[in-house]
Amino acid sequence: MAKLPDVDSAYALTSPDEIKDLYRQWSHSYDVGFGESQGYQLPREVAAAFVGAGGEGPVLDVGAGTGLVGEVLRVMNTEPIDGIDLSQEMLDMAAMKGIYRHLVVCDVTEPLDLRDAPYNGVVSAGTFTLGHVGPSAIHNLIDVAATGAVFVLSVNQAHYATGGFEAVFEDLGAQISALQFRDVRIYDDRADEVHRNDIARLVIFTKS
Ligand SMILES: C[S@@+](CC[C@H](N)C(=O)[O-])C[C@H]1O[C@@H](n2cnc3c(N)ncnc32)[C@H](O)[C@@H]1O
């Protein structure tokens, strides 16, 4: 039997086609075989930081995948939630949960044409990571946000260091305010030893 995707295969992706192929294979087992078994807690950290920063709906979940962030946001009474993702199959799993208002297949590295923009909030867990999305996409997200919108974007720590994120946040200057960073563990102690202490940087800010 072919090996199911895992974190290491995801970090090694090099193109949108590879991303689509991997998440097509991963979509059905992602929540249980990855999320639960590895103690993937980043969606909860992102949602809690968003609500803690005063974030409100309508909110856009970027790289929504199977909807793990939406599940937590809904429990926290933050709605409506729309999701975008490159993978139709991941969004199909999210749709079955009945949490999201609209789910749209699109590439966040391209300008976004979203009928429900502008959003009062933008969240993202696990999408700004190795092999996935770099910092240039942040400009596309700012374009679909309302003035005063709260952003909470997780960025894998290693990706943050090497991917040019610091320069992009510096260049945004007065376009954003209340910029803060919080480093959190991506997984809990259930994770394989090699990733147990992986860190994501939550980048929290407001669109000016
Ligand atoms: C690790 S999963 C995270 C999914 C969900 N946010 C979570 O925390 O479980 C990364 C997601 O990013 C999506 N993705 C990768 N590149 C993308 C792109 N350029 N535009 C939109 N989504 C993308 C993938 O399809 C995948 O669903």
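## The shell around the ligand

By class, the shell around the ligand in this predicted model holds 13 nonpolar, seven polar and two charged residues, where Ala, Val, Leu, Ile, Met, Phe, Trp, Tyr, Cys and Pro count as nonpolar, Asp, Glu, Lys and Arg as charged, and the others, Gly among them, as polar. The ligand is surrounded by 22 residues, of which the closest are Tyr-30, Tyr-40, Gly-63, Asp-85 and Asp-107; a residue is near the ligand if one of its heavy atoms lies within 4 Å of it. Both α2 and β4 supply at least two residues of this shell, and β4 gives the largest share, three residues. The helices (H or I, at least four residues) and strands (E, at least two) are DSSP runs, numbered from the N terminus.

Residues are numbered from 1 along each chain as its sequence is written. Local features need pLDDT of at least 70 and side-chain atom pairs count only at pLDDT 80 or more, while totals for chains, interfaces and linings use all residues, and side-chain values use heavy atoms, with hydrogens and water left out.

## Polar contacts and cover

From Thr-127, a polar side-chain atom lies 3.4 Å from an oxygen atom of the ligand. On its own the ligand has 590 Å² of accessible area, and the protein covers 97% of that area, as computed by the Shrake-Rupley method with a 1.4 Å probe.

## The largest pocket

The space taken by the ligand is the largest pocket, in the sense that more than half of the ligand atoms lie within 2 Å of the grid points of the pocket. The volume of the largest pocket is about 670 Å³. It is lined by 44 residues, and the closest to its centre are Tyr-23, Gly-126, Thr-127, Thr-129 and His-132. Among the elements that give two or more residues to this lining are α2 (16-26), β4 (119-128) and β5 (145-156). The lining comprises 29 nonpolar, 13 polar and two charged residues.

A pocket is found on a 1 Å grid over the protein atoms alone, as an open set of points where a 1.4 Å probe fits, with protein on both sides within 12 Å along at least five of seven lines, and its lining residues have an atom within 4 Å of a point. Grid points are joined across faces, edges and corners, and a volume is the space filled by probe spheres set on the points.

## The second largest pocket

The second largest pocket contains about 270 Å³ of space. Of its 14 lining residues, Tyr-40, Pro-43, Arg-44, Leu-68 and Val-72 are the closest to its centre, and α3, α4 and α5 are the elements that give two or more residues to the lining. By class, that lining divides into four nonpolar, three polar and seven charged residues.

## Backbone features in the loops

The loop between α5 and β2 contains Pro-80, and the peptide bond from Glu-79 to Pro-80 is cis, with omega near -5°. Asn-77 is also found in the loop between α5 and β2, and its phi is near 65°, a positive value in a residue other than glycine. In the loop between β3 (102-105) and β4 lies Pro-118, where the peptide bond from Ala-117 to Pro-118 is cis, with omega near 5°.

Key: A polar contact is a pair of N or O atoms within 3.5 Å; within protein, one must be able to donate a hydrogen and the other to accept it, and residues adjacent in sequence count only if both atoms are side-chain atoms.
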